[in-house]
Amino acid sequence: MDILGWLNTLPGAAAQGMIWGIMAIGVFITYKILDIADLTVDGSICTGAAVSAVLITNGINPWVAILLSVAAGMLAGLITGLFHAFMGIPAILSGILTQLILWSLNLKIMGKANIALSVRSFNLIIAQVYSVKTLIILAAFVIIIIALLYWFFGTELGASLRATGNNLYMSRAQGINTGLAKVIGLMISNGIVALSGALLAQYSGAADINMGRGAIVIGLAAVIIGEALFSKMSTGFILRLLGVVIGGIIYYFVYQTVIFLGLDADLLKMLSAVIVALFLGLPYLKKTYFRGKSKGGSRKNA
């Protein structure tokens with residue numbers, strides 16, 4: 001193995017890990033806080049990329065394009081929220097329905113299957129050729145997002161979202177509009193996911209209709225890896241969110257290493273699924289096969 005060549009791939013892997021880590025923060029909000037399995041993200045990440053790419057290629061400032069991408073993602077979350085909270089459709093089906101809607105909308109937004117975003121032709125915020133600058137800007141995005149979420153979930157509205165995810169029926173008994181809380185949570189989540197899509201389009205130099213496929217798997221992998229790393233250290237909200245981003249970086253380090261070692265590219269999706277399955281099943285395996293044995297042994301010794 002060429003160690004130097006592998007080390008040269010790490011800055012790119014770290015940048016992609018942070019971009020997908022931002023997306024995973026959106027997944028964290030629905031999966032861990034609201035206790036909702038939201039599949040909208042496979043479509044909303046592409047929506048963010050599509051909106052950003054179209055606006056930039058039409059001469060709009062990249063920062064404005066990113067803001068409008070976030071707004072588009074929030075609208076996608078609103079659709080899922082309305083399906084689930086006000087039409088009574090299960091959350092997982094609501095996400096699938098919105099994802100199908102977004103597939104058509106994303107094609108209409110772009111007008112074709114993909115749009116090129118060359119850093120030589122457009123003034124992009126981040127790009128692969130500017131590795132150090134890109135890493136600094138992405139780190140700033142991560143810090144700002146975590147700070148804003150920490151502030152928001154400390155407000156009365158944010159507390160109502162956390163309460164809704166913790167105990168739906170008790171929250172209703174306390175007078176919380178749980179339907180509205182879910183809609184707001186889904187909007188925030190998909191707004192963040194669309195932000196990552198806008199950044200990904202600029203970093204990769206293109207927006208593609210298929211770029212969102214499997215996004216939920218990567219998001220879950222980052223969330224589960226982050227939770228596994230920091231579960232013993234702290235339950236602090238900031239550290240949990242930071243752990244999600246670090247989980248995304250670790251995931252891409254592993255991903256890049258596997259590619260560098262020459263694994264068949266057709267097996268990469270399977271590898272992603274296996275990684276997520278292992279981390280999802282780890283707590284259960286520990287509880288069932290390791291803690292139980294240690295407890296049984298202590299009883300026998302007593």
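For helix packing I took axes as lines fitted to C-alpha atoms, for helices over the stretch in contact, with angles running from 0 to 180 degrees between N-to-C directions. I numbered helices from the N terminus as DSSP runs (H or I, at least four residues).

The model is predicted, so I kept in mind that local features need pLDDT of at least 70 and side-chain atom pairs pLDDT 80 or more, while totals for chains, interfaces and linings use all residues. Residues are numbered from 1 along each chain as its sequence is written, and side-chain values use heavy atoms, without hydrogens and water.

I first looked up helix 6 (residues 156-166) and helix 8 (residues 178-204), whose axes come within 9 Å and cross at roughly 105 degrees. Helix 6 is therefore roughly perpendicular to helix 8 (65 to 115 degrees). In contact (heavy atoms within 4.5 Å) I found Leu-157, Ser-160, Leu-161 and Thr-164 of helix 6 with Thr-178, Ala-181, Lys-182, Ile-184 and Gly-185 of helix 8.

I then turned to Asp-35, which lies in the loop between helix 1 (3-33) and helix 2 (41-57). Asp-35 is not a glycine, yet I noted a positive phi of about 60 degrees there. Asp-35 is also exposed, with a relative accessible area of 59% (exposed means over 50%, with a 1.4 Å probe and protein chains only).

Key. Helices (H or I, at least four residues) and strands (E, at least two) are DSSP runs, numbered from the N terminus. Angles under 35 degrees count as roughly parallel, over 145 as roughly antiparallel, 65 to 115 as roughly perpendicular and the rest as oblique. Buried means under 20% relative accessible area, exposed over 50%, partly exposed in between (1.4 Å probe, protein chains only).
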